[in-house]
Amino acid sequence: MKFEDCRENYVKVATFYYLDNRSQDEIAEFFQISRYKVSRILKKCRLMRIVEFRVNNAPEYYDKLGKK
(Lines give C-alpha, C1' and ligand atoms only; values in the text may rest on other atoms or scores of the structure.)
Protein backbone atom coordinates (compact mmCIF):
# COMPACT_ATOMS: atom_id res chain seq x y z
CA MET A 1 0.00 0.00 0.00
CA LYS A 2 1.52 3.31 -1.06
CA PHE A 3 0.95 6.11 1.42
CA GLU A 4 -1.00 8.92 -0.16
CA ASP A 5 -0.33 12.43 1.16
CA CYS A 6 -3.82 13.66 1.93
CA ARG A 7 -5.67 15.16 4.88
CA GLU A 8 -7.56 11.92 5.56
CA ASN A 9 -4.31 9.98 6.05
CA TYR A 10 -2.80 12.79 8.11
CA VAL A 11 -5.81 12.57 10.44
CA LYS A 12 -5.29 8.79 10.71
CA VAL A 13 -1.63 9.24 11.62
CA ALA A 14 -2.46 11.89 14.22
CA THR A 15 -5.23 9.74 15.68
CA PHE A 16 -2.96 6.71 15.95
CA TYR A 17 -0.23 8.76 17.61
CA TYR A 18 -2.12 11.11 19.92
CA LEU A 19 -5.28 9.16 20.76
CA ASP A 20 -4.26 5.51 20.35
CA ASN A 21 -0.77 6.08 21.85
CA ARG A 22 0.94 4.19 19.03
CA SER A 23 4.62 4.86 18.52
CA GLN A 24 6.00 6.50 15.40
CA ASP A 25 7.67 3.19 14.57
CA GLU A 26 4.34 1.34 14.78
CA ILE A 27 2.65 3.92 12.56
CA ALA A 28 5.52 3.78 10.06
CA GLU A 29 5.22 0.01 9.86
CA PHE A 30 1.43 0.18 9.46
CA PHE A 31 1.62 2.65 6.55
CA GLN A 32 4.91 1.21 5.19
CA ILE A 33 6.69 4.56 5.42
CA SER A 34 9.75 5.73 7.35
CA ARG A 35 9.56 6.88 10.95
CA TYR A 36 11.08 10.15 9.72
CA LYS A 37 8.09 10.63 7.39
CA VAL A 38 5.72 9.98 10.31
CA SER A 39 7.48 12.72 12.26
CA ARG A 40 7.13 15.16 9.34
CA ILE A 41 3.43 14.26 8.97
CA LEU A 42 2.81 14.95 12.68
CA LYS A 43 4.52 18.33 12.32
CA LYS A 44 2.38 19.08 9.26
CA CYS A 45 -0.73 18.09 11.25
CA ARG A 46 0.12 20.79 13.77
CA LEU A 47 0.72 23.36 11.02
CA MET A 48 -2.58 22.43 9.32
CA ARG A 49 -4.35 22.62 12.71
CA ILE A 50 -5.45 19.00 12.47
CA VAL A 51 -3.86 18.77 15.91
CA GLU A 52 -3.89 21.60 18.43
CA PHE A 53 -2.39 21.72 21.92
CA ARG A 54 -3.49 23.62 24.95
CA VAL A 55 -1.85 23.88 28.35
CA ASN A 56 -4.35 24.24 31.15
CA ASN A 57 -2.94 25.75 34.29
CA ALA A 58 -3.87 28.24 36.97
CA PRO A 59 -3.35 31.89 35.91
CA GLU A 60 -0.94 32.52 38.80
CA TYR A 61 1.41 29.91 37.32
CA TYR A 62 1.99 32.18 34.34
CA ASP A 63 2.88 35.03 36.72
CA LYS A 64 5.50 32.75 38.34
CA LEU A 65 6.98 31.93 34.92
CA GLY A 66 7.60 35.60 34.27
CA LYS A 67 9.42 36.11 37.57
CA LYS A 68 11.98 33.32 37.05
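1. Helices (H or I, at least four residues) and strands (E, at least two) are taken as DSSP runs and numbered from the N terminus. On that basis, Glu 26 is found in helix 2. At 44% relative accessibility Glu 26 counts as partly exposed, where buried means under 20% relative accessible area, exposed over 50%, and partly exposed in between (1.4 Å probe, protein chains only). The C-alpha atoms of Glu 26 and Phe 16, ten residues apart along the chain, are separated by 9.1 Å.

2. On provenance, the model is a predicted one, in which local features need pLDDT of at least 70 and side-chain atom pairs count only at pLDDT 80 or more, while totals for chains, interfaces and linings use all residues. Residues are numbered from 1 along each chain as its sequence is written, and side-chain values use heavy atoms, with hydrogens and water left out.

3. The pairing of helix 1 with helix 2 comes next.

4. Helix 1 contributes Asn 9, Lys 12, Val 13, Phe 16 and Tyr 17 to its contact with helix 2, and helix 2 contributes Gln 24, Ile 27, Phe 30 and Phe 31. Contact means heavy atoms within 4.5 Å. The residues of this contact divide into six nonpolar, two polar and one charged. In this classification Ala, Val, Leu, Ile, Met, Phe, Trp, Tyr, Cys and Pro count as nonpolar, Asp, Glu, Lys and Arg as charged, and the others, Gly among them, as polar.

5. Helix 3 covers residues 35–47, and its axis comes within 9 Å of that of helix 1, crossing at roughly 100°. That makes helix 1 roughly perpendicular to helix 3 (angles under 35 degrees count as roughly parallel, over 145 as roughly antiparallel, 65 to 115 as roughly perpendicular and the rest as oblique). The contact involves Tyr 10, Val 13, Ala 14, Tyr 17 and Tyr 18 of helix 1, together with Val 38, Ile 41, Leu 42, Lys 44, Cys 45 and Arg 46 of helix 3. By class, there are nine nonpolar, no polar and two charged residues in this contact.

6. For helix 2 and helix 3, the axes come within 8 Å and cross at roughly 105°. Helix 2 is therefore roughly perpendicular to helix 3. Gln 24, Asp 25, Ile 27 and Ala 28 of helix 2 meet Arg 35, Val 38, Ser 39 and Leu 42 of helix 3. The contact of helix 2 with helix 3 has four nonpolar, two polar and two charged residues.

7. Which residues of helix 2 are buried? They are Gln 24, Ile 27, Ala 28 and Phe 31. These residues cover an arc of only 100° around the axis, which puts them on the same side of helix 2; the arc is that of the directions from the helix axis to the C-beta atoms. An α-helix has 3.6 residues a turn, so residues three or four places apart point the same way. On the other side of helix 2, Asp 25 and Glu 29 are exposed. The buried residues of helix 2 pack against helix 1 and helix 3.

8. Asn 9 lies in helix 1 and is buried, with a relative accessible area of 9%. Not counting residues up to four places away in sequence, Asn 9 touches Phe 3, Glu 4 and Phe 31. Gln 24, in helix 2, is buried with a relative accessible area of 17%. Leaving aside its neighbours within four places in sequence, Gln 24 is in contact with Tyr 17, Arg 35, Val 38, Ser 39 and Leu 42.

9. Backbone geometry supplies the last point. Gln 32 is placed in the loop between helix 2 and helix 3 and is exposed, with a relative accessible area of 59%. Arg 49 has a phi near 60°, a positive value in a residue other than glycine. The place of Arg 49 is in the loop between helix 3 and helix 4 (59–67), and at 61% relative accessibility Arg 49 counts as exposed.

Conventions
Axes are lines fitted to C-alpha atoms, for helices over the stretch in contact, and angles run from 0 to 180 degrees between N-to-C directions.
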